[in-house]
Amino acid sequence: MSSTRVAIIGLGRMGSTIDDEVADYPVFVLPYSIAGACVASEKLELVAGADLLPEKRQAFTERWGVKATYEDFREMIERESPDMVCICTKGVNHSELTIAVAGLGVPMIFCEKAMACSMAEADAAKAAIENAGARFLTGVLRRWKTSYQEARERIVAGDIGEPRRAIHFAQTNLLHGHVHSIDTLMFLLGDPKAVSLWGELHPRDLKFENGRLESDPTSIYQIAFEGGIEATTIQSGNWDFEIHGTEGVVRIANNGAHLSIRKRLDYSPKFKPYVETHLPPPLLPRSATVQMLEDLADAHAESRQTAGDIEQVHHCTEILFAIAECHHLGLHRHTLPVQNRDLYVFHV
Ligand SMILES: NC(=O)c1ccc[n+]([C@@H]2O[C@H](COP(=O)([O-])OP(=O)(O)OC[C@H]3O[C@@H](n4cnc5c(N)ncnc54)[C@H](O)[C@@H]3O)[C@@H](O)[C@H]2O)c1
């Protein structure tokens with residue numbers, strides 16, 4: 001199979017340099033950056049980069065040996081005809097870039113989260129991707145991390161019985177962080193659809209001005225998924241996740257570093273203690289960014305959807321904006337879909 005030619009828009013941390021920040025943290029299997037992942041993968045070839053800032057373009061060329069750099073991403077796509085474009089920008093609306101890149105005929109698009117700042121924007125980006133027939137992913141990396149994949153496999157294999165409750169532990173912002181927490185809970189549960197939810201933004205007296213929030217607030221939620229599964233978040237912890245089933249609990253602790261299973265022992269009708277087993281780390285941990293981009297390339301080659309396709313990303317975004325709408329209207333409970341497609345929360 002010939003390699004997939006990749007171009008990056010936004011040559012900052014995620015696009016190029018983030019490995020320097022996380023090299024000392026064993027929880028991150030490098031390469032983490034998009035450029036590093038392209039260089040590490042035999043399936044991908046890094047061919048070009050675009051950034052508004054000349055110093056970023058120069059640093060990118062020096063670091064990765066890629067001479068084809070551009071100020072204007074449109075010119076880059078027209079001249080280089082990449083197979084895959086990775087949008088890693090800050091300070092510009094991700095949905096607008098996604099629509100522009102899809103409109104230029106790029107068949108594989110990776111766009112950093114969050115995909116949009118309103119449901120109207122998310123709807124437009126989804127339509128553009130579907131009309132172009134492009135394959136799509138966002139940077140919800142836990143889907144491609146080995147510890148979360150093993151946890152999901154154990155849940156599917158029935159190790160904890162029927163999943164009933166799911167909990168995320170960490171304090172984080174709605175669009176920047178809960179896009180990860182909710183996507184991960186959904187991934188672990190086999191991607192069920194949310195039916196209704198309650199949520200609020202913090203501080204509790206936060207008010208939208210003309211339907212807009214110009215910053216990304218912290219938030220909490222309680223989500224009801226189809227099949228009767230309930231999920232919530234606790235504003236404490238270190239990006240830990242628990243899935244509680246009828247016969248046990250899967251726990252992923254310390255941002256994916258530790259995985260354990262608590263099995264319920266059936267000694268007697270009244271005495272059913274949990275016994276915890278800590279699972280060893282994977283022998284061959286792989287970079288989640290490499291796995292993610294290779295999934296995008298393979299999905300295109302095999303005419304299938306990615307493990308985090310546009311339908312999934314759009315639904316996760318719908319949940320985030322339902323939380324915002326719940327707070328905005330002071331609702332006791334919100335049944336999806338979101339009614340106010342223009343409700344706006346700033347991100348990046
Ligand atoms: N998934 C993850 O784990 C993860 C980690 C870090 C960052 N991110 C995401 O990556 C995105 C970028 O964050 P960052 O920390 O790398 O930002 P950054 O500021 O380090 O880099 C962004 C770059 O985009 C460039 N840029 C902005 N508008 C542009 C345009 N129109 N054309 C070309 N270049 C443009 C800027 O000049 C800048 O160099 C954000 O959405 C952030 O949430 C994700």
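How far is a nitrogen atom of the ligand from an N or O atom in the side chain of Glu112? I looked it up: the separation is 3.4 Å.

**Ground rules.** I am reading a predicted model, where local features need pLDDT of at least 70 and side-chain atom pairs count only at pLDDT 80 or more, while totals for chains, interfaces and linings use all residues. Residues are numbered from 1 along each chain as its sequence is written, and side-chain values use heavy atoms, with hydrogens and water left out.

I stayed with the ligand and found a polar side-chain atom of Asp51 at 2.7 Å from one of its oxygen atoms. A polar backbone atom of Lys113 lies 3.0 Å from an oxygen atom of the ligand. The protein covers 88% of the 850 Å² of accessible area that the ligand has on its own (Shrake-Rupley method, 1.4 Å probe; for residues, only the protein chains shown count as cover). I then looked up the shell: 23 residues surround the ligand, and the closest are Arg13, Met14, Tyr32, Asp51 and His94 (a residue is near if one of its heavy atoms lies within 4 Å). The shell divides into 11 nonpolar, six polar and six charged residues. Here Ala, Val, Leu, Ile, Met, Phe, Trp, Tyr, Cys and Pro count as nonpolar, Asp, Glu, Lys and Arg as charged, and the others, Gly among them, as polar.

**The sheet.** Next I traced an open sheet of six strands with parallel pairing, in the order β3-β2-β1-β4-β5-β6. Strands (E, at least two residues) and helices (H or I, at least four) are DSSP runs numbered from the N terminus, and two strands pair if DSSP finds at least two bridges between them.

I found a cis peptide bond joining Leu30 and Pro31, with omega about 0°. Pro31 sits in the loop between α2 (19-22) and α3 (34-40).

Definitions and conventions. Polar contact = N/O pair within 3.5 Å; in protein donor to acceptor, adjacent residues only side chain to side chain.
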